[in-house]
Amino acid sequence: MAALGREAGADLRDGSVVPVGAGEVPKVKKKTLGARSGYQDGNIHTWSAQSFWRRCKTQKTNGHRNPRKKKTLNIYGTAVFGTTASFSGVLANFIFRHCFKVKHDALKTYTSLTTLPFLSTIVAYKLFVTDALYSGNISKENCVLRSSLIGIVCGVLYPSALAFTKNGRLAVKYHTVPLPPKGRVLHYWLTLCQTEIKAMVIPLVFQTVVGVFNCLQHYAIFESTLEKTVYED
């Protein structure tokens, strides 16, 4: 009897087996199983949460990679747009130097006709297209119109006027062409170079096409970035 009492006391202290009478099967407490199952469920929930946040972080990282590439692509497109304006300035300078038979200050005129159209095109595109696009105050049609006008004005008209004035002053200074009669100065200069100036139609068409293409690409990048921002919010 004493031995049975000691065994019963040990079972009670153990806490995992309930003392029962003779002929009954010992029952395991449900509390211990419940704690174990809860612990296991907690691990499962923790693992699922960690995998979910890891997946979200990966998707977010992958989502931010494309805008960087697209932004770089857009910067390259704007730089190409300005570079074509520089080539237009070089062509205009070559045409007017040939018309006015100017052979002086070639480096000075070519430098100004290369850098000024490039800078004016990039600054004008930044102010009138890029800033307006990211502020949301411009439509797709208006964006195309502004970009084409920037290509025409900053890429063709401005370099032509700049080359005309610079080389005209050099022609008057070095007397490479006869001086115009009084009262018909502008008509005289235009008549003098009207044949060669028709070649500026080529950069006119080219600048318009490049401006429209760059604008459409920029607008598509803006729309995709906006959709991703709204989706993340």
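Residues are numbered from 1 along each chain as its sequence is written. In this predicted model, local features need pLDDT of at least 70 and side-chain atom pairs count only at pLDDT 80 or more, while totals for chains, interfaces and linings use all residues, and side-chain values use heavy atoms, without hydrogens and water.

The protein chain has 6 helices and 0 strands. Helices (H or I, at least four residues) and strands (E, at least two) are DSSP runs, numbered from the N terminus. Along the sequence, the pattern is α-α-α-α-α-α. The chain holds 233 residues, and 27% of them count as buried. Buried means under 20% relative accessible area, exposed over 50%, and partly exposed in between (1.4 Å probe, protein chains only). Contact means heavy atoms within 4.5 Å. Among contacts between residues at least 6 apart in sequence, 76% join residues at least 24 apart.

The largest nonpolar core has 17 residues. Such a core is a set of buried Ala, Val, Leu, Ile, Met, Phe, Trp, Tyr and Cys residues joined through side-chain atoms within 4.5 Å. Phe96, Phe100, Phe164, Ala171 and Trp189 have the most contacts inside this core. Helices α2 (30-100) and α4 (140-174) each supply at least two of its residues. Helix α4 gives the most, with 6 residues. Phe96 touches Ser160, Ala163, Phe164, Asn167, Cys193 and Ile197, not counting residues up to four places away in sequence. A second, separate core has 14 residues, including Ala124, Val129, Ala132 and Cys215.

Helix α3 (residues 106-135) packs against α4 at an angle of about 155°, and their axes lie 9 Å apart. Axes are lines fitted to C-alpha atoms, for helices over the stretch in contact, and angles run from 0 to 180 degrees between N-to-C directions. The angle makes α3 roughly antiparallel to α4. Angles over 145 degrees count as roughly antiparallel, under 35 as roughly parallel, 65 to 115 as roughly perpendicular, and the rest as oblique. By class, the contact of α3 with α4 has 16 nonpolar, 7 polar and 2 charged residues. Here Ala, Val, Leu, Ile, Met, Phe, Trp, Tyr, Cys and Pro count as nonpolar, Asp, Glu, Lys and Arg as charged, and the others, Gly among them, as polar.

Leu162 lies in helix α4. Its relative accessible area is 14%, so Leu162 is buried. Leaving aside neighbours within four places in sequence, Leu162 is in contact with Ser112, Leu113 and Leu116. Leu162 and Asn93 are 69 residues apart along the chain, yet their C-alpha atoms are separated by 8.4 Å.
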